Amino acid sequence: MKKPYITIIIPIHNGENEVMNAIDSIYSQKITSDDFEVICIDDASTDETFRLLRSLQKSNLKIIHHSSSRGRGGACNHAVDVAKGEYILFCDHDDAFMPGSLRQVIALLISENSQGELLDLLMCDHVRSDDTTGRMYYTHNSSIKMKGTEFISTQKVPWTPWMYAYRRQFLIEQNIRSRENVSFDDTDYVLRCTVRAMAMKYEPICLYRYSVDCRPGQSVKVGNNIRKIEQLFMTCKAIQEEVVLYISQDKVVASALLGHYSYAYGMNILRYFWRISFSERKRLLKDYPAFFIGVPKRLQDWITWGAYKAPLLLALSCSLGIPLFKMVELVRKIIKN
């Protein structure tokens, strides 16, 4: 039996009303069935998702059921483990692939890989359901093939896993796994893939339609949920670990990663800190203190205090780039020395 070229993974939790649209967006592209497989992971849904999936009759559709939830990350890890495709693509159950896009991706990957060096990572583009212009968002990126460390230092790197095609063997060899049983596992996952890729590129293929919605069950909806807010800070901690790993290996890459950390930390405070109590702020900042290379300890203490007492003011400082400016100055001095 021919090995599929791509595996499309759809993690699902309570998606009975949306998942068929995602699945139809794949099968309507009329790709040869031997060229792809679809893995749907029902992550302990409490609605009719699993029954609906089991009713589908597709020879290249694999359905996996989790009796207890492992989160989006756990569902994706399980699917990657059993996937047979050369490349992995992800699709959230309430989104869809654009018509003809998967055929373009397969053709491009085959063409690129026939030239010798295998692409570890291919970044594509997307449209949003709330943008009537139909514009893509990353066409300013270069389409030149390069190492991931160069890519993250010179290009825009979105945190959304569904914008990429991942060489499965690359994920296995580098032991890149999603964090399980948490929300917002995608940010550090994409960054870890990017910096470890030996060959990657951006191609202006409109791959994906991102559904912008405010349904109460959407995982991106945070509100004043302290558990989800804490998980945002856990994501910052995961990015911080990558910074620490690279600061002694490649200071330019560490600088780029720290830029992602600075943005995430500042936005977390700006968007969510005012929604929780002072005691909760104090606990979070004790567990996840500010981390900015090149900023004196006294100033880092001030940043942590500012997040506790004046989160909006601190977030504005972060978003205006003050900590990032300090970090860039330090990296510049280190490079000169």
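Student: How many aromatic pairs does the count come to?

Tutor: This is a predicted model, in which local features need pLDDT of at least 70, side-chain atom pairs count only at pLDDT 80 or more, and totals for chains, interfaces and linings use all residues. Residues are numbered from 1 along each chain as its sequence is written, and side-chain values use heavy atoms, with hydrogens and water left out. Rings of Phe, Tyr and Trp (its six-membered ring) pair if their centres lie within 6.5 Å, and planes under 30 degrees apart count as stacked, over 60 as edge-to-face and the rest as tilted. By this rule, the count of aromatic pairs is 13.

Student: Which kind of pair do phenylalanine 90 and tyrosine 166 make?

Tutor: The ring centres of phenylalanine 90 and tyrosine 166 are 5.4 Å apart and the planes stand at 65°, so this pair is edge-to-face. The pair joins distant parts of the chain, since phenylalanine 90 belongs to strand 4 (residues 87–90) and tyrosine 166 to strand 7 (residues 164–167), where strands are DSSP runs of E with at least two residues and helices are runs of H or I with at least four, numbered from the N terminus.

Student: Which charged residue sits over the ring of phenylalanine 90?

Tutor: A charge sits over a ring if NZ of Lys or CZ of Arg is within 6 Å of the ring centre and within 35 degrees of the ring normal. The charged end that lies over phenylalanine 90, 5.8 Å from the ring centre, belongs to arginine 72.

Student: Is arginine 196, in helix 7, buried or exposed?

Tutor: Buried means under 20% relative accessible area, exposed over 50%, and partly exposed in between (1.4 Å probe, protein chains only). Helix 7 covers residues 186–196, and 10 of its 11 residues are buried. The relative accessibility of arginine 196 is 19%, so this residue counts as buried.

Student: Which side chain makes a polar contact with the side chain of arginine 196?

Tutor: A polar contact is a pair of N or O atoms within 3.5 Å; within protein, one must be able to donate a hydrogen and the other to accept it, and residues adjacent in sequence count only if both atoms are side-chain atoms. At 2.9 Å, the partner of arginine 196 is glutamate 242.

Student: How many disulfides does the count come to?

Tutor: A disulfide is a pair of cysteine sulfur atoms within 2.5 Å. The sulfur of cysteine 206 has its closest cysteine sulfur in cysteine 124, at 9.5 Å, which is too far for a bond. The count of disulfides is 0.
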